[in-house]
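Try each task yourself before you read its solution.

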Amino acid sequence: MGTKRVAQLAYSEFQAAMLDEAKRRRKAAKIVAVLGHFLGRDKDVLDGLTVADIGCSAGFIADELAAAGARRTFGVDIDVPGLRKAAERFGERVEFLCADGTALPFPDGSVDVLVFNHIYEHVVDPDAIMAEMRRVLADDGVLYLGLGNRLGVMEPHYKLPFLSYLPPALADRYVRLSGRADSYYERYRTRRGLRRMVRGLRVWDYTFPVLATPAAFAGSELFGGVAGRVAGGVLARLPRVVLRGLLPVVPTYLWVATKSARRPAGASLPQPPDPVRPL
């Protein structure tokens, strides 16, 4: 690969997790639940809305967005093999488009809900994609962001501790020595870098609401079993100042962003969403 990063044109062909239907649908349930809370909707969360999943791959999340009542649902990716699989299974209710995220095929302000879930670390220019999503998002629209944190201790793709902390050359050596890949492609940002990436948007952080009340947000994939219930109970009771102290090393952030001054409209929670201070 050398020093130049190139687009991953067939990601689903070498990342089996993209074809894990059960896991992808669990992720989708969490996304829909977070959107439902923000919008103040318990049922038919996306009823009447135009929705687009940016980086949809094989289409499982896009299919769940359509099932949540979206008036029109799009799945966008450059992963052609994944798009073929998606269109074969879900093409009757989702429109799948092969397009780069830096040139989305939508008019200005035309999409009510955008989903960008664990994609930014895989793309060549996440800032350009963010700018393009701001362009196509409706003035009162909502953008769901699942964002990995560079300072999360365990790297999620290769399960190697501190991998994302390292500069690229050392990270490449680390994954080679582990025997898990020839090089390390992903590029994560810290929370500060992510706050800079969403500049110009108003952002609400749903990370701790989901962790503290996983049942309300279909969050069993985050904390499962007895240990999960215990962790959720502890998080639900921790003082906010303590939770904020943990933010720099939380492995994943769940943010909802808007152009306008919208606020979460859902029921009160043990740990409510926090506004993210812009940079």
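**Exercise 1.** Find which residues are linked in a network of salt bridges in this predicted model.

*Solution.* Start with the network: Glu21, Arg25, Asp63, Glu64, Arg89 and Arg93 are joined by salt bridges. Now zoom in on one pair, aspartate 63 and arginine 25, whose closest N and O atoms are 3.0 Å apart. Aspartate 63 sits in helix α3 (residues 60-67) and arginine 25 in helix α2 (residues 21-39), so this pair ties together parts 38 residues apart in sequence. Next, check the accessibility: buried means under 20% relative accessible area. Aspartate 63 has 5%, so it's buried, and arginine 25 is buried too, at 19%.

**Exercise 2.** Work out how arginine 135 and glutamate 132 are placed in helix α5.

*Solution.* First, their side chains form a salt bridge, 2.8 Å from N to O. Then count along α5 (residues 126-136): the two are 3 residues apart, which means about one helical turn separates them. Here's the general rule: an α-helix has 3.6 residues a turn, so residues three or four places apart point the same way.

**Exercise 3.** Decide where the buried residues of helix α6 lie around its axis.

*Solution.* List them for α6 (residues 168-178): Ala171, Asp172 and Val175. They span an arc of only 105° around the axis, so they're on the same side of α6. Just past α6, glycine 179 has a positive phi of about 80°.

Definitions and conventions. Residues are numbered from 1 along each chain as its sequence is written. This is a predicted model: local features need pLDDT of at least 70, side-chain atom pairs count only at pLDDT 80 or more; totals for chains, interfaces and linings use all residues. Side-chain values use heavy atoms; hydrogens and water are left out. Buried means under 20% relative accessible area, exposed over 50%, partly exposed in between (1.4 Å probe, protein chains only). Helices (H or I, at least four residues) and strands (E, at least two) are DSSP runs, numbered from the N terminus. The arc is that of the directions from the helix axis to the C-beta atoms. A salt bridge is a side-chain nitrogen of Lys or Arg within 4 Å of a carboxyl oxygen of Asp or Glu.
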